[in-house]
2 protein chains.
Amino acid sequence: MEPYFKVDQWKVIESGFHPEQNRVAESIMSLGNGYLGLRGYFEERYSGDSLQGTYLAGIYYPDRTVVGWWKVGYPEYFAKVLNAVNFIGIDVSLGGLSLDLHTWRPEAFKRVLNMQEGFLARFFTVKDKKGRQFSIKAQRFLSKAQRELAAIRYSITLDKSPCPEEIEIEVGPFLDGNVINEDANYGEDFWIGLRASSSENYQLVTMQTKKSDFVVAAASTFRLSLDGKELKDLPRRYQESHRFAQAQASYPLREGQTLTLDKVVAITTNRDFPNWEVNSRALEILNQIRTKSYEELFQAHRRAWRQTWENSDLRIKGDPLSQQGLRFNIFHLNQTYTGEDPRLNIGPKGFTGEKYGGGTYWDTEAYCLPFYLGTCEPHVARNLLLYRYNHLEKAKENAAKLGLKGALYPMVTVNGEECHNEWEITFEEIHRNGAIAYAIFNYVRYTDDSNYLYEYGLEVLVEISRFWTSRVNFQPRKQKYMLLGVTGPNEYENNVNNNWYTNRIAAWCLEYTLDTLAWVENSNPGRAESLKTGLNLKDEEVTLWREIKDKMYYPYLEAEGVFEQQDGFRDKELITVEQIDQEDLPLSQNWSWDRILRSCFIKQADVLQGLFFFSEEFSLETKKRNFDFYEPMTVHESSLSPSVHAIIAAEIGSREKAYQLFLRAARLDLDNYNNDSGEGLHITSMAGTWMSVVYGFAGMKVCGGKLSLAPFLPRQWQEYSFKLLFRGHRLEITVGKKQVVLYQKGGESCSVVVHGKTQEIGPNQEIKIALPF
Amino acid sequence: MEPYFKVDQWKVIESGFHPEQNRVAESIMSLGNGYLGLRGYFEERYSGDSLQGTYLAGIYYPDRTVVGWWKVGYPEYFAKVLNAVNFIGIDVSLGGLSLDLHTWRPEAFKRVLNMQEGFLARFFTVKDKKGRQFSIKAQRFLSKAQRELAAIRYSITLDKSPCPEEIEIEVGPFLDGNVINEDANYGEDFWIGLRASSSENYQLVTMQTKKSDFVVAAASTFRLSLDGKELKDLPRRYQESHRFAQAQASYPLREGQTLTLDKVVAITTNRDFPNWEVNSRALEILNQIRTKSYEELFQAHRRAWRQTWENSDLRIKGDPLSQQGLRFNIFHLNQTYTGEDPRLNIGPKGFTGEKYGGGTYWDTEAYCLPFYLGTCEPHVARNLLLYRYNHLEKAKENAAKLGLKGALYPMVTVNGEECHNEWEITFEEIHRNGAIAYAIFNYVRYTDDSNYLYEYGLEVLVEISRFWTSRVNFQPRKQKYMLLGVTGPNEYENNVNNNWYTNRIAAWCLEYTLDTLAWVENSNPGRAESLKTGLNLKDEEVTLWREIKDKMYYPYLEAEGVFEQQDGFRDKELITVEQIDQEDLPLSQNWSWDRILRSCFIKQADVLQGLFFFSEEFSLETKKRNFDFYEPMTVHESSLSPSVHAIIAAEIGSREKAYQLFLRAARLDLDNYNNDSGEGLHITSMAGTWMSVVYGFAGMKVCGGKLSLAPFLPRQWQEYSFKLLFRGHRLEITVGKKQVVLYQKGGESCSVVVHGKTQEIGPNQEIKIALPF
């Protein structure tokens with residue numbers, strides 16, 4: 001089947017207007033710059049089905065928790081990402097008739113996401129009843145060069161007219177804060193209007209969120225031109241109403257003429273400025289940009305994207321589907337998080353929808369961090385770590401709420417407070433704490449920034465270890481420590497005992513904390529002493545960590561030689577996904593929850609997640625046995641799942657399987673695989689796609705401080721190539737059928753292990769290594 | 001510590017006004033007649049803390065289910081019991097000042113629930129600033145003789161006045177439909193006003209619920225008298241506004257005079273009449289009762305209560321605390337359910353609060369049925385069974401929603417649809433299905449109404465057996481059938497495998513269905529054939545039931561010789577309730593849910609519930625071992641729990657323990673043991689209290705069609721006595737220290753087994769049997 005969106009290496013193209021696909025296209029065509037985000041909805045009014053969404057990083061609403069049976073420790077609220085002021089709006093009227101593609105129905109229609117240059121373009125033609133044909137071009141971007149800035153160029157051409165007279169074209173760029181969240185209870189309104197004004201100089205709408213008291217100002221201005229020549233003296237009308245500001249102008253268009261509106265917007269919030277400055281700052285920025293042309297603003301934006309792609313592109317030859325999918329994923333990752341603000345993080349839907357409330361999950365540490373580590377300067381990944389460090393006190397409060405010691409990082413959070421309220425997740429899916437610790441390990445292993453451990457890491461590790469210590473219980477008959485009542489990464493099991501992955505990562509946390517502590521004590525005794533005093537860390541506690549780590553219980557299936565996902569897993573009816581009616585997939589949409597829970601089916605990598613994280617601990621044989629046991633039962637109904645399976649499949653030599661899993665993940669949203677892309681994109685899992693190639697196909701690891709590769713080329717490809725920023729080295733790795741080419745741009749000499757053999761690469765050197773098979 | 005409410009054999013007395021206890025007193029002093037219910041709030045306005053609640057049986061609102069993660073099979077709504085029109089209201093103004101006990105603060109105050117005659121009385125005195133003292137008496141009842149009728153007598157006496165002039169007393173009886181539910185989201189309003197009018201003949205308020213479209217009409221009228229003499233010509237003023245209707249009258253009172261207002265109300269709903277008749281029927285009933293005096297109406301009500309007590313009283317000598325507690329429980333049970341309407345059932349809070357949404361739980365079958373069986377004519381219990389029979393189709397739909405066969409009765413329901421939305425309860429607490437089957441068994445065993453099996457019972461049993469058959473899975477290694485992913489009666493465990501109780505009752509259901517089927521085939525082959533055809537019941541299905549029943553898996557702890565509550569229970573840290581900080585109790589208010597779940601602590605009888613239900617199957621020794629193992633870990637945080645433990649304790653000879661458990665249950669609300677009586681009373685557990693005495697202390701069972709007793713007298717008592725209606729026999733059993741006296745009122749000869757020996761009791765005969773120890 002042809003993909004709905006045209007396959008192109010750098011673009012996503014929708015041809016023809018299909019209203020039933022509009023939400024999907026809106027998600028796919030979302031723009032973002034780490035600060036502003038915007039679904040691909042239309043500038044002009046549209047009365048058909050659409051999920052209009054404009055999102056501002058860090059702006060949320062604390063929706064009250066409503067549950068049937070309130071349990072001690074529940075968070076008071078769950079955070080909602082808020083639909084904010086619509087700043088792209090332009091009322092368009094053609095010869096007195098309001099333009100609305102739901103009623104006009106375009107003849108030609110194309111929507112194009114240009115990933116290379118980071119803009120959304122739209123082209124369509126419409127005809128009125130008199131047979132007059134207009135073509136409309138719209139292009140917009142959220143500036144990667146100046147985050148508060150958005151710009152739109154909207155052109156209307158009168159292509160043909162059977163009538164001699166001119167046609168009055170009216171354009172009315174507006175800011176509209178009368179927006180609601182689609183997921184709001186009873187259409188509740190989360191905003192209070194503070195100011196709306198419209199005048200010659202600007203349109204301005206300022207609003208404040210209820211409860212969370214965020215203040216947002218949007219200021220805009222515009223320029224009109226005819227066939228490229230500015231229409232300076234065209235009279236304008238101004239109107240303002242509640243949370244709404246608009247300017248209007250009309251021009252009598254003749255056949256062949258083009259009227260162009262350039263609208264620029266500046267958006268500021270009280271996350272960056274005091275409340276009383278939010279307005280003036282927006283106007284200040286607007287004043288700076290109003291003097292520049294659309295082209296100038298766009299040039300700066302393009303330059304920034306060029307730089308980004310320079311570091312993070314991943315080229316594939318011979319497989320346009322994969323190429324498009326991968327670039328699409330990398331593009332959205334770079335749109336979502338830029339690493340400039342440690343108060344921000346990555347929500348599973350980024351700026352593309354309301355689902356998951358915009359909060360941060362363990363996805364960041366487990367899936368996204370490697371991407372940013374590999375493709376960005378280290379401060380970007382470091383800011384992701386600092387986000388958690390800055391929330392340490394709240395994580396301690398969170399553990400205390402559950403009667404536990406140390407720190408329990410929230411399952412979902414915006415500002416460090418837990419804001420998810422299902423007990424089996426909030427209270428029990430505690431393996432997330434392990435991912436926070438693992439991210440520290442991963443970051444230091446990759447960057448060698450061991451100062452981070454002195455400055456921040458060890459504190460977090462100690463509090464996480466304290467949590468595990470208070471959460472385990474000792475089973476005297478078995479002389480083992482256990483973790484009862486948990487939910488593992490596979491959320492299709494709840495409240496199980498001794499989830500293997502959770503037990504393993506808990507013990508690993510203790511071990512890594514012990515190692516880190518010993519290392520700090522060794523390398524910086526003074527700092528170690530002051531940290532221990534500050535943390536009130538006693539020797540007995542450290543001894544207990546060692547004891548728990550050594551005596552952790554791990555369920556194991558002797559006959560099968562595999563780790564048991566949790567106690568009692570073997571009592572289930574063990575069948576494969578292939579054995580059930582394929583119409584039942586996805587199970588989450590077709591099976592009741594109890595049926596899912598008592599089935600053997602696995603939502604996402606669980607035991608295999610552990611084999612991926614702690615890859616060095618396990619033999620290939622062990623990985624193979626576990627993969628062969630668990631993969632056939634895995635439904636991959638979390639978008640996070642296929643990439644981890646792909647990496648392990650690649651390692652154990654199941655290359656075909658690895659490729660299939662990769663492709664599924666890479667094109668999940670483009671092909672709307674789970675029939676849910678209309679709600680927003682699976683941003684965090686996009687990083688998994690990148691990992692599938694770099695960690696999977698290229699076999700990238702960091703061992704003993706060296707980058708290690710074990711690349712192969714999937715048979716579907718002719719070649720692939722990616723960049724890595726590793727400890728100051730800028731490497732480009734190109735994998736062909738028979739050889740891998742390593743190139744270092746500038747820098748100093750660098751050792752890279754390829755298929756077990758160390759290679760030295762000098763500055764600007766390229767070396768070629770034959771592939772072993 | 002002195003109980004807050006004065007101890008009295010037939011009354012509950014609150015002396016002195018304690019605003020902080022007002023909600024508790026309002027719950028305790030609730031009135032009900034199976035059709036109307038009313039918390040004990042004040043007639044006059046009260047601006048202090050109060051939970052004003054007026055409830056109408058079967059009137060509910062389907063509140064939208066809001067969950068973080070929607071799961072297939074969730075019910076669309078959960079039912080809310082609705083606060084309905086306040087029909088007791090009387091505005092009172094004394095010398096121009098509105099009477100409000102929050103601002104006036106009474107000098108003397110007494111609120112008395114008269115359980116013997118079923119009315120609520122209140123007496124208080126207030127003084128105004130001029131030193132004028134008034135005493136007010138209020139008495140009200142919800143007629144047990146005519147369910148639509150409520151009546152209030154409200155008297156105001158000017159006791160003393162230092163001023164010579166008369167004082168203007170204004171009374172304004174009103175109906176007020178401007179009520180909300182306290183548990184409503186954002187103060188949502190569930191009612192639409194249809195009509196409000198006030199005139200010489202009546203006040204009337206008619207309202208309709210949103211969504212569920214129930215129509216309710218309240219019509220009232222009143223009479224005023226001075227010192228017992230009607231004030232016929234006193235001018236009245238009438239006012240009506242949205243959902244509000246009031247009449248007002250004033251009288252200049254002199255020292256020593258008493259002004260009395262008798263207000264009568266008739267309430268009808270479209271549950272009984274077509275929408276267009278609801279108003280006229282209310283007025284019709286009002287017209288019938290308006291000619292009668294308050295005393296006449298009250299006499300009829302008292303007679304009905306006398307009759308009720310005649311059948312259901314349980315007398316205790318020597319222990320006023322127990323006596324009051326027991327009567328309080330019996331009183332409320334009789335207020336809540338009368339068995340006249342098979343569309344109604346018993347909610348855990350009856351008519352005393354909003355909690356639990358007024359829905360029906362398995363409490364009815366497991367706890368309430370025995371009380372109504374023992375104290376009422378059989379049709380009352382039969383109507384409880386028919387309630388479920390009438391919901392069979394909906395229970396089948398419910399099972400189908402979960403992808404299962406047969407019938408799964410809802411965990412909570414009003415009209416047969418599931419209306420509880422926590423997956424661990426709704427989808428997994430499936431043992432409730434067993435209680436529905438057990439109730440059939442219990443009813444037939446007690447009443448010998450085996451026709452019920454032909455007519456209704458077998459159909460329900462077959463569908464329940466089909467459910468279990470589709471819910472089990474076969475474990476080939478163990479060659480056993482298992483039930484994975486369930487929640488047992490102990491809701492402090494969720495999603496466990498092989499809850500012993502659930503497995504046992506599932507197998508028992510199959511067995512009982514097989515037995516019943518065989519019995520019907522034997523005794524009525526024609527009916528059996530038509531039932532089998534109607535149910536499409538094949539021999540293979542019956543064979544499978546036998547197989548599953550025979551091969552059911554039961555977790556067992558060999559070393560301890562006890563049934564294991566569920567797989568893995570033994571891995572918990574097994575400690576006793578006494579070993580934890582007593583300040584942590586109740587755990588549900590102090591421990592986070594995950595901590596409760598991974599602890600060994602048991603909310604309510606679970607294994608012991610099975611030992612109680614299937615008492616004959618287990619030896620005393622087995623019961624003792626299991627009791628000694630589980631009782632110390634049981635926190636009894638469900639009000640249903642202590643009674644079952646008390647019954648088993650009594651049976652195994654732990655009499656002191658049995659008494660303590662009984663007393664806790666009996667006075668749970670009166671002593672506000674769980675600090676939650678203000679939210680409403682624990683109605684369904686009240687039946688457990690009755691069972692503790694009758695099944696526990698008196699050792700009542702039905703074996704081989706005979707009533708069997710094994711009574712003993714708790715050392716705290718001098719004697720106790722109760723009535724039983726058993727298969728047409730009216731028995732009175734009086735247990736003393738050394739002997740038990742059996743008396744049969746009227747009837748035919750009856751065999752009763754006492755401590756293993758069969759006794760024959762003739763009509764109107766009394767026999768005395770010495771107690772063995």
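User: Where is the place of Ser599(B) in chain B?

Analyst: In this predicted model, Ser599(B) lies in the loop that runs between helix H16 (593–598) and helix H17 (607–613) of chain B.

User: Why is Ser599(B) called buried rather than exposed?

Analyst: The relative accessible area of Ser599(B) is 10%. A residue counts as buried when this value is under 20%. Ser599(B) is therefore classed as buried.

User: Which residues does Ser599(B) touch, leaving aside those up to four places away in sequence?

Analyst: Ser599(B) touches Glu493(B), Lys572(B) and Trp591(B). Contact requires heavy atoms within 4.5 Å, so each of these residues has a heavy atom within that limit of Ser599(B).

User: What makes Lys71(A) and Glu422(B) a salt bridge?

Analyst: The closest N and O atoms of Lys71(A) and Glu422(B) are 3.8 Å apart. The cut-off is 4 Å between a side-chain nitrogen of Lys or Arg and a carboxyl oxygen of Asp or Glu, so the pair qualifies as a salt bridge. The count between chain A and chain B is ten salt bridges, and 14 residue pairs are in polar contact across these chains, both residues being at pLDDT 80 or more.

User: Which element gives the largest share of the side of chain A that touches chain B?

Analyst: That element is H16(A), with five residues. By class, this side of chain A holds 15 nonpolar, 13 polar and 21 charged residues. The contact draws on 49 residues from chain A and 49 residues from chain B. About 4,400 Å² is buried between the two chains, with carbon and sulfur atoms giving 50% of that area.

User: What makes S1 and S2 of chain B a pair, and what joins them?

Analyst: Two bridges link strand S1 (residues 6–7) to strand S2 (residues 11–15), which run antiparallel. As at least two bridges are needed, the two strands count as paired. A hairpin of three residues joins S1(B) to S2(B). Lys6(B) has Ile13(B) as its bridge partner in S2(B).

Methods
Residues are numbered from 1 along each chain as its sequence is written. Chains are lettered from A and ligands numbered from 1 in the order in which they are written. This is a predicted model: local features need pLDDT of at least 70, side-chain atom pairs count only at pLDDT 80 or more; totals for chains, interfaces and linings use all residues. Side-chain values use heavy atoms; hydrogens and water are left out. Buried area is the accessible area (1.4 Å probe) that two parts lose on being put together, summed over both. A polar contact is a pair of N or O atoms within 3.5 Å; within protein, one must be able to donate a hydrogen and the other to accept it, and residues adjacent in sequence count only if both atoms are side-chain atoms. Helices (H or I, at least four residues) and strands (E, at least two) are DSSP runs, numbered from the N terminus. Ala, Val, Leu, Ile, Met, Phe, Trp, Tyr, Cys and Pro count as nonpolar, Asp, Glu, Lys and Arg as charged, and the others, Gly among them, as polar. Buried means under 20% relative accessible area, exposed over 50%, partly exposed in between (1.4 Å probe, protein chains only).
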